[in-house]
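Dear colleague,

I am handing over the structure below, and I would ask you to look through it before reading on. My notes on what was found in it follow directly after.

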Amino acid sequence: MREKVILMEKTVYLDNAATTRVDERVLEVMRPFFTQRYGNASSLHSLGLEAKQALEESRETIAKTLKAQPEEIVFTAGGSEADNLAVIGGALASRAPKKNRIIVSSIEHPAVYNAAEFLKRSGFDVIFLPVDSKAFVKMDELEKALTSETILVSVMHANNEVGTIEPISEIAALCKERGVLFHTDAVQSFTKAPLDLTKLPADLISFSAHKIHGPKGVGALFVRSSMRVQPLIYGGPHEHRLRAGTENVAGIVGFAEAARLAVGEAPNSTTKMRELRDALIKHVLEIDGAHLNGAAPESGARLCNNAHFRFDKIEGEALILRLDALGVCGSTGSACSSASLKPSRVLLSMGLSHVQAHGSLRLTLSRFNTREEIDFAGNCVEKVVKELREFSAIR
Amino acid sequence: MAASFYSKKVMDLFLHPHNAGEIEKPDGVGEVGNPICGDLMRIFIKVKDDKIAEIKFQTFGCASAIATSSMITDLAKGKTLEEALRITRGDVADELGGLPPIKMHCSNLAADGLHEAIYDYYKRAGKPISEKIESEHQRIQKTASHEREENAEQ
């Protein structure tokens, strides 16, 4: 065992659900917009027009990847802002007497979950939908919750922790049938799982650049042309009057390039990630007392880059810090690694106990990972789990 | 080691803990923490001539829980029981070059674990237990049951 873990020269980065490395090609297209083409897209001079042109071309690129219209894309300062604009902006625009209910899943990203909590404090009737042990939203519960007073339903495309892909086509169709707005957070799934707006009747969809090898601080919200959203940031008439503020042109150009590259490299890149993920899962599940959380890989309802485990008798923060010392970056849902000292809400919603949630490990891949890295990471997990169990107080 | 949430000393002991494991036939065992909170610690001692002759730990928990366990074994080894009982949570944190504030409460249980092991030794050996040691034992037990209740509510 020990000889299998020879330190790698480079860090093996397996926390791509947190953020990704910016692709060099993305950085290259962004670079001129800092020092040469730095105009404000609202200015009438040539530098301004150049910026405006780059902005609109980027909007077209993003729209094209979704088979949407360019005017349906609103750029934001990231996925969290897009989620807030969708949930709060969507709810405020549609609120009316006897139209007061918002439904979100209990495993949403905090950007949706806490926005829904805000709406609850503001007097909305908010329902948090339960999920099953694989993190799938319970459809019968959704049907029951969908009253005539419902304005908006928000269920994420793929979960950020365990990678479960929700049945959003089914949910969107149900919402459309009932005349209810449907929002989905596609931050994790964008370019990794199919999303075709000619087929999916969603009204609002959130995206982020830094999960797809683009820069941090840029995102987008798809807003179907037929619907109204109340802006959250007021100022100039930017972004179809839905989001004020001078556009982050360099970031937006980078976002569009990152999306273009990711779409262009799929399905080769997604197939590669899926194969590496499956190899990693197989390797890690050979460890005694190791379990997979979320949907089975063969179900097709698991994000191609997500592997999420829990280990008996050890705690996740210790696990990730020992992995880090060996050069492997991962993350955990253990309370000990969170500022609130509470274990992951997602894992608890799936019915895991506190102790089980403490022993969790998330490893998320990118198209840059190699088989060598995955084998190395698997060996490191095996080594660290064994070492920590040697002196665990849980026998 | 590059950037770290913890001090260098914490990371050193977390990655290379001293006295990890179990003592067979110990003279006293102290168990503190609760796996529901993410930390469970067991301290084993062997006592000779009123001194801690041997000490080991078993810990389920985060890096700071492991580092504090290791530190308490180093601090207590060779000390008289009286001296060992005077080691506080603060001493452990200080020796480690400090702990992140959020970890001071939940993961800094090692001193309690040591005091419980000594209490257990006194009980097993049928030795008189002073009022001070008894009240320390009561305090630790009370904290543990309070934490259990807090978690049951969640």
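Of the 395 residues of chain A, 59% count as buried, where buried means under 20% relative accessible area, exposed over 50%, and partly exposed in between, with a 1.4 Å probe and protein chains only. Please keep in mind that this is a predicted model, in which local features need pLDDT of at least 70 and side-chain atom pairs count only at pLDDT 80 or more, while totals for chains, interfaces and linings use all residues. Residues are numbered from 1 along each chain as its sequence is written, chains are lettered from A and ligands numbered from 1 in the order in which they are written, and side-chain values use heavy atoms, with hydrogens and water left out.

Chain A contains 14 helices and twelve strands; these are DSSP runs numbered from the N terminus, helices being H or I with at least four residues and strands E with at least two. Its C-alpha atoms fill a box of roughly 65 × 55 × 35 Å along the principal axes.

Gly359(A) sits in the loop between helix H13 (354-358) and strand E12 (360-364) of chain A, and it counts as buried because its relative accessibility is 0%. Its C-alpha atom is separated by 7.3 Å from that of Lys313(A), although the two are 46 residues apart along the chain.

Turning to charged pairs, a search of the whole structure finds 30 salt bridges over all chains, a salt bridge being a side-chain nitrogen of Lys or Arg within 4 Å of a carboxyl oxygen of Asp or Glu. One of them joins the side chains of Glu265(A) and Arg367(A), at 3.2 Å from N to O. This pair links distant parts of the chain, since Glu265(A) belongs to helix H9 (residues 249-265) and Arg367(A) to the loop between E12 and helix H14 (371-390), 102 residues apart. Glu265(A) is partly exposed at 26% relative accessibility, whereas Arg367(A) is buried at 10%.

A salt bridge also forms between Glu317(A) and Lys103(B), whose closest N and O atoms are 3.2 Å apart. Glu317(A) lies in helix H11 (residues 316-325) of chain A and Lys103(B) in helix H5 (residues 101-106) of chain B, so the pair joins two chains. Glu317(A) is buried, with a relative accessible area of 4%, and Lys103(B) is buried as well, at 1%.

Within helix H14 of chain A, Lys386(A) and Glu390(A) lie four residues apart, about one turn of the helix; they form a salt bridge at 3.7 Å between the closest N and O atoms, and both residues are exposed.
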